Amino acid sequence: MRAWHTLSPMPDRPKLLILYDYFHPAFRAGGIIRSLVNLTGILDKEYDLFVICGDRDLRESRPLPDIQSNQWLRYREHTQVFYADPSTIDAGFWRQQFESVRPDFIYINGLFSYRFNILPLWAANGYARARVCVAPRGMLQEGALSIKSYKKRLFLLVARWLGLYRRNIWHATNEQEAVDIRKNIPQHRIIHTIQVITDTPDIHMDGHPKSKSREVTRITTISLIAEKKNQHMVLESLRHLPVNYPVVYHLYGPVKDVAYWNRCLQLMKNMPAHVEVAYKGVLDHEQVRRVMADYDFFVLLTKGENFGHAIAEALGTGTPALISPYTPWKALEERGAGWVADIQRAGAVQSALERAITLSDADYRQMSQCAIGYLNEYLSRNDNAALYRQLFSL
């Protein structure tokens, strides 16, 4: 990326300003970064795109390498990115950026970030020139709201009372998220449009059916490590597997919640001899498919995902998945691509794990083929480019 000395949008092209705490080359915050990178690729030829994000990765104190903070940098032909030093961001910062960019549309991702959700939304309410779209990105799901529930629900109550969402439209990435928006931002307090458009993953459909490991079943979770992702439930279930069910379980991903990770570490120290568990660190996006291919099953017992990039990556490599009901991949079991376990029901996860471990090689190969087919079906369902163009013309 190189610096722009001045903002230089093309005439007669709509201007879209995208806001999120993180953007490439940051990667530790997960799938939303990839969604936004892919969105800029979809829209770059038709819009002047401006992305404002923080200048550091999740839980990092230093700026990202190979970027220059607090100036506009070229990212694509018609896409510029401003990596902001967090100490410079206040309400005045956003008013200044709105006047500088003069966007036709402001696209805010997330709900509870003070710097990148609350402050810009407050400032945008005084900037009549632009339409505003808010994408909750799974943050209104019941499982997500159950974590730090009091603070989040109090904020939503105050936000509705202040009319913080009175001007915006909403982007839901699936029908359940649209239901969550209507539930938490009641219609009688606000007039809004909800546009349902699936996420914009970067998934390559080049996977091949796999064979199952013969002696020890290999399982992985690739995800942020946080209470919402529920890694401890996998560990608890593995502890109770019969001794004749040997398993290797590897966890990957950045630690978002240190207290939660310490809880997981305590469980990992007390695993039975037939269950090998290890933390394998953080993966770049480019490493995920290669690493995923080395495992028999992918497990993510999340309390809520608006998409679930790692689930899609697993399916794309022909790796059957064990997931919770709180993702858009609800037909996974029906399509023969894995299991959907009710994480509220005692023993459901352990039962699914036992079925996975005892699966014959022939049945496994069939399930692997179904995983690839299910992903292909899911991704071919909508013309995302056309739907996003429609969203940003409302």
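**Exercise 1. Work out which strand pairs with strand 5 in the parallel sense over five bridges.**

Solution. Start with the ground rules: this is a predicted model, where local features need pLDDT of at least 70 and side-chain atom pairs count only at pLDDT 80 or more, while totals for chains, interfaces and linings use all residues. Residues are numbered from 1 along each chain as its sequence is written, and side-chain values use heavy atoms, with hydrogens and water left out.

- Step 1: The partner is strand 6 (residues 131-135). Strands (E, at least two residues) and helices (H or I, at least four) are DSSP runs numbered from the N terminus, and two strands pair if DSSP finds at least two bridges between them.
- Step 2: Follow the chain from strand 5 through helix 3 (residues 114-124) to strand 6, and you trace a right-handed β-α-β crossover. Right-handed here means that, with the strands pointing away from the viewer, the path from the first strand over the helix to the second runs clockwise.
- Step 3: Now look at strand 1 (residues 15-19), which runs parallel to strand 5 and is joined to it by four bridges. Here Leu16 is partnered with Phe105.

**Exercise 2. Find out why strand 5 counts as largely enclosed by the rest of the structure.**

Solution. 

- Step 1: Check the side chains: Phe105, Tyr107 and Asn109 point one way, Ile106 and Ile108 the other.
- Step 2: Five of the five residues in strand 5 (residues 105-109) are buried, so the strand is largely enclosed. Buried means under 20% relative accessible area, exposed over 50%, and partly exposed in between (1.4 Å probe, protein chains only).

**Exercise 3. Decide whether Lys229 and Glu305 are buried or exposed, and say what their pairing ties together.**

Solution. 

- Step 1: Lys229 and Glu305 meet through their side chains in a salt bridge (2.5 Å, N to O). That term needs a side-chain nitrogen of Lys or Arg within 4 Å of a carboxyl oxygen of Asp or Glu.
- Step 2: Lys229 sits in the loop between strand 9 and helix 7, and Glu305 in the loop between strand 12 and helix 10, so the pair ties together parts 76 residues apart in sequence.
- Step 3: Both Lys229 and Glu305 are buried.

**Exercise 4. Describe the salt bridge between Glu142 and Lys183.**

Solution. 

- Step 1: Their side chains meet at 2.9 Å, N to O.
- Step 2: Glu142 is in helix 4 (residues 142-145) and Lys183 in helix 6 (residues 175-184), 41 residues apart.
- Step 3: Glu142 is partly exposed at 38% relative accessible area, and Lys183 is exposed at 53%.
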